[in-house]
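This report is for a reader who meets the structure for the first time. It starts with one residue and then turns to the chain as a whole.

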Amino acid sequence: YEEMSRRRFLTGATSLGAAALLGAAEPIRAEPPPEVKSIRLAHDIAVCIAPQYLAEEFLHLEGFTHVEWVKLPTSNALASVDSGAADMTMDAIPTMVYAIDRGAKFVILGGIHAGCYELFGHENVQSVRDLKGKRVSVYDTLGGSDHILLSSMLAYVGINPNSVKWVPDDKSGNAMQRFIDREVDAFMGFAPQPQELRARNIGRVILNTTEDRPWSQYFCCAVVANRNFVARNPSATKRALRAYFKAADVCSKEPERVARYLVEKGFEPRYDIGLEVIKSLPYARWREANPEDTLRFHALRLHEVGMIKSSPNKLIAQGTDWRFLNELKRELKA
């Protein structure tokens, strides 16, 4: 069934079309083949990272014969890439900044899109500043993407994150449920959670990172790879990143087909939710924006409140590798 889905997708799923795929074949053949035929991606289910799910199809075109999805012991996909259990994944840049400051063994390769996160509050929360002294639920322990991003937002408006009463999740999925049950005052949701809360008319949106500045100007999710994997396999790294970018282009151009694909593959059972998320996010952003600006923005905010020690320049120097991004931007220029 999955093979049938793959054939259907590759024969008709993208407005790039067969001609575009064939047109891309020549420069791919001219490149060295991938040093490895197998690649491991961290399996972290969130509708917004649809390009990662879709990338599996393009990875086969890039010469990878086996794509392994690494199941995560926690919701932290970065930990699996840091440890070497996975080779590559998509995740939120603020979390990457926090991890690089702590010596993470991965490098950021390129941004994909902005958006994803929405801050919800009950009646006693009308703005980010109102979070001071309030209870906010977060997933897992402190240091996750929702905690770090919201800490950056608090720093931006002059509030120390330590003044918030953080309530870590005690089991998977309980962070949003605590907000629903009014055990906490605010909750930072990522797709498809905001869509679910709105459908149930629970809370109100305080901030939407897809629409509200300055957050909408910066990347949310980026592609990150294990440092040793990149050093040993530069051709495989470039080919894998190209698969992500092509998948992002498909999300931008044909959200309906991508939403159906997500349902077929079991990543999101609700077509309408999947379509709403895909249509709302700027997946073409990888072509237009400089991910270094996002790293610098969040690094400055987190440094101001003492959550990281490294300067932005140091973090960028030790935690990024833009060689492949720059090459692919020229190669895949529309």
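Leaving aside its neighbours within four places in sequence, which residues is arginine 182 in contact with? They are His122, Glu123 and Arg135. The model is a predicted one, and arginine 182 sits in its loop between helix H7 (174–180) and strand S8 (186–190). With a relative accessible area of 44%, arginine 182 is partly exposed. Arginine 135 is 47 residues away from arginine 182 along the chain, and the C-alpha atoms of the two are separated by 9.9 Å.

**The chain as a whole**

The protein chain has 334 residues, and buried residues make up 59% of them. It contains 16 helices and 10 strands. Of the contacts with a separation of 6 or more, 81% are between residues 24 or more positions apart. The chain exposes about 13,900 Å², of which carbon and sulfur atoms supply 50%.

The mean pLDDT of the protein chain is 85, and 88% of the residues reach 70 or more. Over residues 1–27 the pLDDT is below 50, although this stretch has 32 contacts in the model beyond near neighbours in sequence. Where pLDDT is low, the predicted coordinates should not be read in detail.

Strand S4 (residues 106–113) is mostly covered, with eight of its eight residues buried. S4 pairs with strand S10 (residues 221–226) in the antiparallel sense, over six bridges. Phenylalanine 106 has asparagine 226 in S10 as its bridge partner.

Helix H11 covers residues 255–265, and its buried residues are Pro255, Val258, Ala259, Tyr261, Leu262 and Lys265. Why do they lie on the same side of H11? The reason is that they cover an arc of only 160 degrees around the axis. An α-helix has 3.6 residues a turn, so residues three or four places apart point the same way. After H11 comes glycine 266, whose phi is positive, near 85 degrees.

**Aromatic pairs**

The count of aromatic pairs, with ring centres within 6.5 Å, comes to 12. Two of these pairs are set out below.

| Pair | Centre to centre | Angle between planes | Type |
|---|---|---|---|
| Phenylalanine 179 and phenylalanine 187 | 6.2 Å | 25 degrees | stacked |
| Tryptophan 215 and phenylalanine 297 | 5.3 Å | 80 degrees | edge-to-face |

Tryptophan 215 lies in the loop between strand S9 (204–208) and S10, while phenylalanine 297 is in helix H14 (residues 291–304), so their pair ties together parts that are 82 residues apart in sequence. Both tryptophan 215 and phenylalanine 297 are buried.

Phenylalanine 179 counts as buried because its relative accessibility is 0%. Phenylalanine 187, also at 0% relative accessibility, counts as buried. Ring pairs link Phe179 and Phe187 into a cluster with Tyr117, Tyr139 and Phe190.

**An arginine in H14**

Helix H14 also holds arginine 301. Is this arginine 301 buried or exposed? Arginine 301 counts as buried because its relative accessibility is 13%, under the 20% cut-off. Leaving aside neighbours within four places in sequence, arginine 301 is in contact with Ser152, Ala155 and Tyr156.

Technical notes. Residues are numbered from 1 along each chain as its sequence is written. This is a predicted model: local features need pLDDT of at least 70, side-chain atom pairs count only at pLDDT 80 or more; totals for chains, interfaces and linings use all residues. Side-chain values use heavy atoms; hydrogens and water are left out. Buried means under 20% relative accessible area, exposed over 50%, partly exposed in between (1.4 Å probe, protein chains only). Helices (H or I, at least four residues) and strands (E, at least two) are DSSP runs, numbered from the N terminus. The arc is that of the directions from the helix axis to the C-beta atoms. pLDDT is the predictor's confidence in each residue, from 0 to 100. Contact means heavy atoms within 4.5 Å. Two strands pair if DSSP finds at least two bridges between them. Accessible areas come from the Shrake-Rupley method with a 1.4 Å probe; for residues, only the protein chains shown count as cover. Rings of Phe, Tyr and Trp (its six-membered ring) pair if their centres lie within 6.5 Å; planes under 30 degrees apart count as stacked, over 60 as edge-to-face and the rest as tilted.
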